[in-house]
Amino acid sequence: MIEGFKYHGTNKAFFATYKDGKWNEGELTSEIHIQISALATALQYGQSVFEGLKAYRAKDGRTLLFRVESNHERLVSSCERLMIPPVPKDLFIQAIKQIVDANRNLIPAYETKGSLYIRPFVIGTETTMGVRPATEFLFGVVATPVGSYFKDGFTPIRLQTSKYDRAAPNGIGSIKTGANYAASLYPKHLAKQDGFDDCLYLDPRTHTRLDETGATNVIAIKGNQFITPQSSSILPSITNNTLQILAKDYLDLEVLIKPIEIEELRTFDEFGACGTAAVITPVSEVYHGEVIYQFKSYEKLHKLFDLLQSIQYGDIKESYGWVISV
Ligand SMILES: Cc1ncc(COP(=O)(O)O)c(C=O)c1O
């Protein structure tokens, strides 16, 4: 059984390069180490974007991908913001299919509820001294089997609000780029030192509203409402968007996307973190300075978790066009 969210090896990686204004078709390699210039824009100036998605093993043995086109759309928006030529949809999908095929034997069995985590990325590889976008890029896809992100499965985590920001109000918090994660390393280290699982970032303009954690959006249940923060500095989570649709269509909840003041935590029945890696991870406590917000029930979040997993692992047939068999 694959434990935790770690690198557990791979069979093959995929790489394609961009040069002279076009992407080549790329190829599989058995080596994930790459050789690039020490002065590549990705290394010196952070011109690097990535995605994260999973391949799931269904009960009948099929391999399923979930909303892969949404990952492509978000990668394109990340590329555009960082002056990276977007990876064409065909190249993206073909690369993922090749990676799944080459690593199919690594996909954990259905019963383990593990998955093959797939990490597409694009980095500027050209040697530059001055700050400017590269003209040469590498698109890579690497995959490895994973278990759950936070502890095991649907076990509650504890969060601490951070005085640090992972992103600026009109910065790059809404795209998936390494810089946001670099900015989250120290605050997360401090939160862990204090015994928490991660930190909860507040909106960087006023520090009075909820943003997200370092690697997940946050969601709340209040009566028959599903509530999630609106902010320019959080990543548009595909999982969150999916849950909004499921909450409305299956649980008949009203979906509210709005700025959430910290004190509103007191009014929520359930609170959780969501993302591809975390699925839905319930939150039992949020510490904000001396103030502690506690959540004791996870009934609706659990229903949403089961529903989402049933769709992703192919137990329930969905009609949204989210799941493809590869
Ligand atoms: C900062 C951040 N927020 C939210 C998410 C969740 O996004 P998704 O549901 O698309 O995985 C992630 C993970 O990708 C993330 O890194």
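Me: How far from an oxygen atom of the ligand does a polar side-chain atom of lysine 176 lie?

Reply: This is a predicted model, in which local features need pLDDT of at least 70, side-chain atom pairs count only at pLDDT 80 or more, and totals for chains, interfaces and linings use all residues. Residues are numbered from 1 along each chain as its sequence is written, and side-chain values use heavy atoms, with hydrogens and water left out. A polar contact is here a pair of N or O atoms within 3.5 Å, and the lysine 176 atom lies from the ligand oxygen at 2.8 Å.

Me: How much of the accessible area that the ligand has on its own does the protein cover?

Reply: Accessible areas come from the Shrake-Rupley method with a 1.4 Å probe. On its own the ligand has 380 Å² of such area, and the share that the protein covers is 97%.

Me: Which residue forms a salt bridge with lysine 258?

Reply: A salt bridge is a side-chain nitrogen of Lys or Arg within 4 Å of a carboxyl oxygen of Asp or Glu. The closest N and O atoms of this pair are 2.7 Å apart, and the partner of lysine 258 is glutamate 264.

Me: Is glutamate 126, which meets arginine 132 in a salt bridge, buried or exposed?

Reply: The side chains of glutamate 126 and arginine 132 meet at 3.1 Å, N to O. Buried means under 20% relative accessible area, exposed over 50%, and partly exposed in between, with a 1.4 Å probe and protein chains only. Arginine 132, at 38%, is partly exposed, whereas glutamate 126, at 14% relative accessibility, counts as buried.

Technical notes. A polar contact is a pair of N or O atoms within 3.5 Å; within protein, one must be able to donate a hydrogen and the other to accept it, and residues adjacent in sequence count only if both atoms are side-chain atoms.
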